[in-house]
Amino acid sequence: MTTLVPRGPYSNEELRRLYPANLKLQLVQILLRHGERSPVSARFQNTGLAPYWPYCSAAKRFSSVVMTKTDWSTWNELQWRRRVETFGDDDRPVLAAGPGGEVDTVCQLGELTDKGRETTLSLGERLRHLYVNQLEFMPKIISDADMIYLRATPMPRALDSVQQSFIGMYPASTRTASFPPPTIITRAPTDETLFPNEHNCRRFSQLARAFAQRTADRWNDSKDMDYLNSLISKWMPESSPRVAVDSHPRLSGIMDTVNSTLAHGPKTRLPSAFYDTKGREIIDKIGSEEWFSGYKESQEYRKVGIGALVGDIVTRMVGNIDRSGNDGLREVAGVDGDLGKGRGGESGIKLTMSGCHDTTLAAILSSLGAFEGEEWPPYTSHIAVELFKDDSVKTDSATPAEPAPRQSFLGSSRKKTKSASLMMRKPTQELTAEEKAKLQGHYVRLRYNDRPVTIPGCQLPGNHMNGDETFCTLQAFKAIADKFTPRIWTDACAERLGQPAFPVSPELAGF
């Protein structure tokens, strides 16, 4: 539940089993939790825990783009170091310092640390070993990144993590001298769907509060909570003396500080009682229920919480099959000021890499019925969504669809074209026979931290590859995802406000 200990590379026998010879890998979508970070809030300073951590060496090496001529023609980089200022005892400004007096490597709250950079860099190296060296799916050397869709949430630690992973997968020695800047997609916070957006989706906020309150009602007076209080209540503030789901700090906030301290050095550790094995198991169990049980029980929770992102994942797979540019190519490819075809002639995306959060990964897996028995996602956890094609099955998807006109992508026209863009968000039951035929012979497999996962609905007869239930047919996977993919996410966020939060009976995930 803190630092991930990754498994070693797959053996040749494992590769033969995981990547059967009859299946051709078409598209890989990586969703990665950011690496280790400082806590998002300074807690438990009464234990001696320093509020400022000295684990961010990047602070000595920052650079910013600056204009150097007023006619906008010349740009350069300004290299600079950051120091953090705070209030002194008498309210005068003083430099924030780490527990050893460090001032030049001090982290901001929630910032990716040196350890986090190390583990996300290592993730990229492991992805390279698998997809470049072992499977030869991705090229060894690239002259541009227009076959790779990169995206991150507005949180700097997510952007830093996806950059580190990209550099791990394609270090400088594997990029040509003329390699242009890669495109990284970001969104405004109001439009962000790469994590459950409680702050900008009103209905999801209502649902999340209701499920959190249910968890508090269930556990606050339990023997498990009594046990936690016997361990750490003496360090709780006077204003909130008892540890509880909704205490201040919340139980999930306590977990955040415990996990952050465990991931770093002895200079920033809590008293040993916080690391009690049974106590941590209780915190993980209750925290996971508070944050993720809604995805397992409620179709509406799935829809407004993570449905838009899962819909995007399906959209890219269908766009990859149709070769229409709707796999992410339009967003990342093209020379400056232009869209569409890759700068190296690429006509499709092969790999996506999205920097996100623990709540993203758990929400996806829980919504697909594939998070049972799992602990809170450790730092640098990742999901790989892999699309395969069975070459023995003939389909009519080899002819590229007519791309949508550029003005439609830019939003100046809502005219739809006769292409896969019509079927990507269309519920499976509404697809024509011709559209369904395009999905035939394709399989989807999820690997979570290098372990294949099984989706319950994919275990049903006809919904998986013969002999391996982890390979879900694309049509079955899309049908499962369609049930909680909103037509318009912003509309869904504004619907049913004030209505009951819980379904009449649990609506099982993964079917």
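Author: Helices here are DSSP runs of H or I with at least four residues, strands are runs of E with at least two, and both are numbered from the N terminus. This is a predicted model, where local features need pLDDT of at least 70, side-chain atom pairs need 80 or more, and totals for chains, interfaces and linings use all residues. Numbering starts from 1 along each chain as its sequence is written, and side-chain values use heavy atoms, without hydrogens or water.

On to the second largest pocket, which holds about 1,200 Å³ of space. (A pocket is an open set of points on a 1 Å grid over the protein atoms alone where a 1.4 Å probe fits, with protein on both sides within 12 Å along at least five of seven lines; lining residues have an atom within 4 Å of a point.) Its lining counts 40 residues, and Glu198, His199, Ser252, Trp291 and Thr359 sit closest to the centre. By class, you get 18 nonpolar, 11 polar and 11 charged lining residues.

Which elements give two or more residues to that lining? They are H4 (202-219), H6 (251-262), H7 (277-297) and H10 (358-367). H4 gives the most, with 6 residues.

Now follow the chain next to two of those helices. The peptide bond from His248 to Pro249 is cis, with omega near 5°. Beyond H10, the loop to strand S9 (382-390) holds Thr380. Thr380 isn't a glycine, yet its phi is positive, about 60°.

What about contacts elsewhere in the chain? The structure holds 32 salt bridges, each a side-chain nitrogen of Lys or Arg within 4 Å of a carboxyl oxygen of Asp or Glu. One of them joins Arg83 and Asp104, at 2.5 Å from N to O. Arg83 is in the loop between S3 and S4 (85-87), while Asp104 is in the loop between S5 (93-95) and H2 (114-134), so to speak a link between distant parts of the chain, 21 residues apart.

Conventions:
Grid points are joined across faces, edges and corners, and a volume is the space filled by probe spheres set on the points. Ala, Val, Leu, Ile, Met, Phe, Trp, Tyr, Cys and Pro count as nonpolar, Asp, Glu, Lys and Arg as charged, and the others, Gly among them, as polar.
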